Amino acid sequence: MASLESLIGLVNRIQRACTVLGDHGGEGMSLWEALPSVAVVGGQSSGKSSVLESIVGRDFLPRGSGIVTRRPLVLQLHKLDKGQTEYAEFLHAPRKKFTDFAAVRREISDETDRITGKSKQISNIPIHLSIYSPNVVNLTLIDLPGMTKVAVEGQHESIVEDIDNMVRSYVEKPNCIILAISPANQDIATSDAIKLAKQVDPSGERTFGVLTKLDLMDKGTNALDVGSPFCLTVLEGRSLRLQHPWVGIVNRSQADINKNVDMVAARRREQEYFESSPDYGHLANKMGSEYLAKLLSKHLEVVIRQRIPSIIALINKTIDELESELDRLGRPIGVDAGAQLYTILEMCRAFDRVFREHLDGGRAGGDRIYLVFDNQLPAALKKLPFDRHLSLQNVRKVVSEADGYQPHLIAPEQGYRRLIDGSLSFFKGPAEASVDAVHFVLKELVRKSIAETQDTNWDLKRAMCFRKKENIRHFSSNILMIDSLELKRFPTLQSDIAAAANEALERFRDDSRKTVLRLVEMESSYLTVEFFRKLPMEPEKGGPTPNTAPTSDRYSENHLRRIGSNVSAYIGMVCDTLKHSIPKAVVYCQVREAKRSLLNYFYTQIGKREKKQLGAMLDEDPQLMEKREGIAKKLKLYKSARDEIDSVAWK
């Protein structure tokens, strides 16, 4: 089994890494919370700071009246070999070593003010301090704000509740060891620390009681009843039996603090006090700050050993969850120009595949184009105003205007042609509407395809790359860990592909519009004469035949009605022709071209772009990138923690 130093040192390293990622305890269950730690709890002026400084052997904590500790201080002690220089490091200033502990005190105050300002408010964001010294044991202590009963001037009314909530968020965790600080010169029944400890740890298994200021008790009194191995304490009319012996501490006096008495000398005086005390002499070897530090360190080792299985289980569970989340968000892609170009082209090809599947029926949406030809176009043709255009009144008007002052000799040919031209012009509207309707459907399919695009072969290709690069032994199992690449990951590329596709669709629409209008114009430019030659030549009832009607009868209703009927029949024939030729032209110019060359122009432009431009196209959503980066860092931390625990705990 690993040594005490290696286990506690391991926990220290993992806790530091957790804090870097913003996991610093106090909120929910996490790796930080799963790691055992010692929380120092006590009321204001209970001697918390003196206890911590006695354990460290250095005067390094800010002092003053009221709430001095306004942010949690995660204090990690690392034992050095004798003769090595002691120093301190802050997590927020990792490359700066403090050998002057007065500077450490100032840095704690400045860093506190950086978050809380110069006010007397508190913050749950911890300050992370590591002290390396030959005079300490490996230990992690969390110094929490002193509990208070009333708010003072400059503090919010909720300060009492805020501090209580913060302290509780640490000590109610099952892996937290509570170091309950109580002054011996006050009634133990009023101790804030003991009261809280009883609430969150009623069995007393996690609580260590510390009595400070033993030398300040009234003469004739002592703390033997509390300092005995049974530690029977009356609290709120009930008995509190701790599982661990109480430890007595003699703090430095205010005079010693003012004179900057050396902490080593203070420790020596403390030990001399217990050894020479008639009340506590028989317990001298189990009293004092040095004994307390060793006791806590040894107990912390025991707790760490007990918690290792559950810690490893939590780590493995979290790794699986992080891997799944990272797969869902998408893994990072290559940063070199070749990898970026490859990724862009693959995404374009994947988009093309999805788009074609929509058109060909593999996915929904392409059927809407058929509905344009089968429903929308015929319905539009039926609504054309031929009845109004070929009404008796309009036929008379057109035929009369076509002949002018000259009577027609054989038949009103110019009238026929004008009526036919006027009728054929109505086909332009439905023809253009069909083009626009198909264009709208294609644009919608582009939008849907972009949303649905992911390179389904990406998993296999990436796994093969990883296998080649990393020599993955279990290839088949690793394929499942590689994500598919979704276009929606890259808003810029998504926008560029959409713009290129829509630009191409605009060109196809223009070509299609020109083509269908030409179809209509062709019908106008050359009429099918055989149609008129095959018309029945029956004479009008009570009058001459249409081709020989005298000028005096040219405006007869029967004659005009026959002209309108003939033109209507011809227009019906042309309508049947256009009903089939317009869809052919639209499919040829728009749908077929969209399938064949939607991104061709985009492809030619991609190859000309520099690495910086390619990188800009693969610029993901900043929030997504930040989230993925955070998950990746956390995943790396958990995997590293698992490896370290495996190598240290079972060495």
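**Close-up views of the predicted model**

**View 1. A serine side chain meets the backbone.** A polar atom in the side chain of Ser169 sits 2.5 Å from the backbone oxygen of Met166. This is a predicted model, so take the positions here as computed ones. Ser169 itself is part of helix H5, which covers residues 159-171. With a relative accessible area of 13%, Ser169 falls under the 20% cut-off and therefore counts as buried.

**View 2. The whole protein, for orientation.** Stepping back, you'll find 24 helices and 13 strands in the protein. The protein has 651 residues, and 50% of them count as buried. Among contacts with a separation of 6 or more, 80% come from residues 24 or more positions apart.

**View 3. An open sheet of nine strands.** Here the strands line up as E4-E3-E5-E2-E6-E1-E7-E8-E11, in an open sheet with mixed pairing. At the edges are strand E4 (93-98) and strand E11 (247-248); each has a single partner strand, so one side of each has no neighbour in the sheet. As a bit of background, strands of a sheet pair through backbone hydrogen bonds, either parallel or antiparallel.

**View 4. Strand E1 and its two partners.** Strand E1 takes in residues 37-42 and runs parallel to strand E6 (residues 139-143), with three bridges joining them. Look for Ala39 here: Ile142 in E6 stands opposite. E1 also runs parallel to E7, and that pair is joined by six bridges. For a landmark in this pairing, find Val40, which stands opposite Leu179 in E7.

**View 5. Strand E1 under cover.** How many of the six residues of E1 are buried? Six of the six are, so the rest of the structure largely encloses this strand. Both faces of E1 are covered, with Ser37, Ala39 and Val41 buried on one side. Val38, Val40 and Gly42 are buried on the other. In general, side chains in a regular strand alternate between the two faces of the sheet.

**View 6. Helices against the sheet.** Helix H6 (residues 192-200) lies across E1, strand E7 (176-183) and strand E8 (207-212). H6 runs at about 150° to E7. Helix H10 (residues 289-329) packs on the sheet too, touching E1, E6, E7, E8 and E11. The direction of H10 makes about 105° with that of E6.

**View 7. Helix H3 and the glycine that follows.** Helix H3 spans residues 48-56 and is mostly covered, with nine of its nine residues buried. Among the buried residues of H3 are Lys48 and Glu53, along with Val51, Leu52, Ile55 and Val56. Just after H3 comes Gly57, which has a positive phi of about 80°.

View 8. Cys176 is buried, with a relative accessible area of 4%. Cys575 counts as buried as well, at 13% relative accessibility. How many disulfides does the protein have, taking sulfur atoms within 2.5 Å as the rule? The count comes to zero. For anyone new to the term, a disulfide is a covalent bond between the sulfur atoms of two cysteines.

Notes
Residues are numbered from 1 along each chain as its sequence is written. This is a predicted model: local features need pLDDT of at least 70, side-chain atom pairs count only at pLDDT 80 or more; totals for chains, interfaces and linings use all residues. Side-chain values use heavy atoms; hydrogens and water are left out. Helices (H or I, at least four residues) and strands (E, at least two) are DSSP runs, numbered from the N terminus. Buried means under 20% relative accessible area, exposed over 50%, partly exposed in between (1.4 Å probe, protein chains only). Contact means heavy atoms within 4.5 Å. Two strands pair if DSSP finds at least two bridges between them. Axes are lines fitted to C-alpha atoms, for helices over the stretch in contact, and angles run from 0 to 180 degrees between N-to-C directions. A disulfide is a pair of cysteine sulfur atoms within 2.5 Å. A polar contact is a pair of N or O atoms within 3.5 Å; within protein, one must be able to donate a hydrogen and the other to accept it, and residues adjacent in sequence count only if both atoms are side-chain atoms.
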